[in-house]
Amino acid sequence: MTKKDNVHLETLLASGGRDPENNFGIVNPPVYHASTVTSPTLAEWRARDFTKHITYGRMGTPTQKSLEEAVALVEGGDHAIAVSSGLASITTAISAFVSAGDHILVSDSAYFPTRNFCNNVMAKYGVETTYYDPLIGGGIADLLRDNTKVVLTEAPGSQTFEVQDIPAISAAAHARGAVVINDNTWGTPLNFRSFEKGVDVSVHAATKYIVGHSDAMLGIIVTTEEHYEKILMNFRYWGQHAAPDDCYLGLRGLRTMAVRLRQHEENALKVANWLKTRPEVTKILFPALPDDPGHELWKRDFEGACGLFGLTLDKHHDDTALGAMLDGMELFAMGASWGGYESLILPSKPIRTATEWESTGTLLRLHIGLEHPDDLIADLEAGLDRLAAAAG
Ligand SMILES: *Cc1c(COP(=O)(O)O)cnc(C)c1O
């Protein structure tokens, strides 16, 4: 894993955002529940600065600051801002940079609620969105206009797992003065080093691998000094907030994220390689596999993978056949979200407007958890056999 200031990232994960010496020697920072924060003197009340001090619960508690400090340190950004959900990190970041009459470019493979926000909220406020081919690379230069303020990237793409050439996209965006916001949920602050790749603002569904235990909703925006104040003000205008207990859970998750991710990746590779041997599996959408079309870019730009990938089957199954497979799974549950310790499986249907996404068969998304991979393989084997029997 890469180093920052000669300290390995695992070390930053373990040490960032805590100060036992000023906390009775206690290893973890406390959870501060706060709305009102009082000032002992009028002079102090007058001198309150929400960008620097603890002034009001909504503006951030010391627990939130600990999480923000640790995540920014690990990803290599100057600052981080915790918000209520992953989606809130995206909406808070995008809306910080645009005004009526502006234009944004969003990858056609972006997380679907990002598209919802652009089409239903940004459009209402007079901001136009153009969706672009995720594989466009430096060709995005042709789509950039004088009023393009934001280019949103996400790699690998939600559901379809294309790897974007983020350094090339960033170079083109910067040449026209646009800010690059990258949804780095799959990459995590460890496995995709956003700020070394030209990203200006990295957003995360911390709900996924940072929290890591399927129990808290949380988002984090990591950014450079240049854009921090603008995003912080926007965070404040929208009344955004991150709950102290959830920040604590995010910090707790962060401490073990490197070891969890390594195991998720190892298990996912084992399961994916087994899936390749199944005749009904036509494609695995997982850039960590050497034959994936995004593998070379992934190897160039990522430090590792995680447990989330897709696969396509040889035919489109109806819900009767698919139900025969999915209803009987013992270890894989059907559920939204991912990044927790448990395995998940869902049928997915990418929505595209700039590009076609064609598949010869049903698309499934798998999250490979921390169960033993052999048990997961046995569960999938029985499931695929049920599917074959039901499909006839
Ligand atoms: C889940 C997810 C989000 C949204 O996170 P929430 O915490 O559920 O709001 C954003 N981006 C990606 C890529 C995701 O997978």
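Predicted model: local features only at pLDDT ≥ 70, side-chain atom pairs only at ≥ 80, totals over all residues.
1. Helices here are DSSP runs of H or I with at least four residues, strands are runs of E with at least two, and both are numbered from the N terminus.

2. Helix α13 itself covers residues 373-391, 19 residues in total. From first C-alpha to last it reaches 26 Å, close to the 27 Å expected at 1.5 Å a residue; the expected span is 1.5 Å times one less than the number of residues.

3. Which residues of α13 are buried? They are P373, L376, I377, D379, L380, G383, L384 and L387, where buried means under 20% relative accessible area, exposed over 50% and partly exposed in between, using a 1.4 Å probe and protein chains only. These residues cover an arc of only 160° around the axis, so they lie on the same side of α13; the arc is that of the directions from the helix axis to the C-beta atoms. An α-helix has 3.6 residues a turn, so residues three or four places apart point the same way.

4. The cover over the buried residues of α13 includes the helices α10 (257-275) and α12 (319-326), along with β10 (281-285), β11 (308-313), β12 (344-347) and β13 (363-367). Contact means heavy atoms within 4.5 Å.

5. Now to the ligand. Among the 14 residues around the ligand, G86, L87, D183, T207 and K208 come nearest; a residue counts as near if one of its heavy atoms lies within 4 Å. A polar side-chain atom of K208 is 2.6 Å from a ligand oxygen atom, a backbone N or O atom of G86 is 2.8 Å from one, and a polar side-chain atom of W338 is 3.3 Å from one. Taken alone the ligand exposes 380 Å², and the protein buries 91% of that.

6. T362 sits in the loop between β12 and β13 and is buried, at a relative accessible area of 8%. A polar atom of the T362 side chain lies 2.9 Å from the backbone nitrogen of H317. Beyond its neighbours within four places in sequence, T362 is in contact with residues including L311, L313 and L322.

7. A housekeeping point: residues are numbered from 1 along each chain as its sequence is written. Local features need pLDDT of at least 70 and side-chain atom pairs count only at pLDDT 80 or more, while totals for chains, interfaces and linings use all residues, and side-chain values use heavy atoms, with hydrogens and water left out.

Methods
Polar contact = N/O pair within 3.5 Å; in protein donor to acceptor, adjacent residues only side chain to side chain. Areas by Shrake-Rupley, 256 points an atom, 1.4 Å probe, with all protein chains shown as cover.
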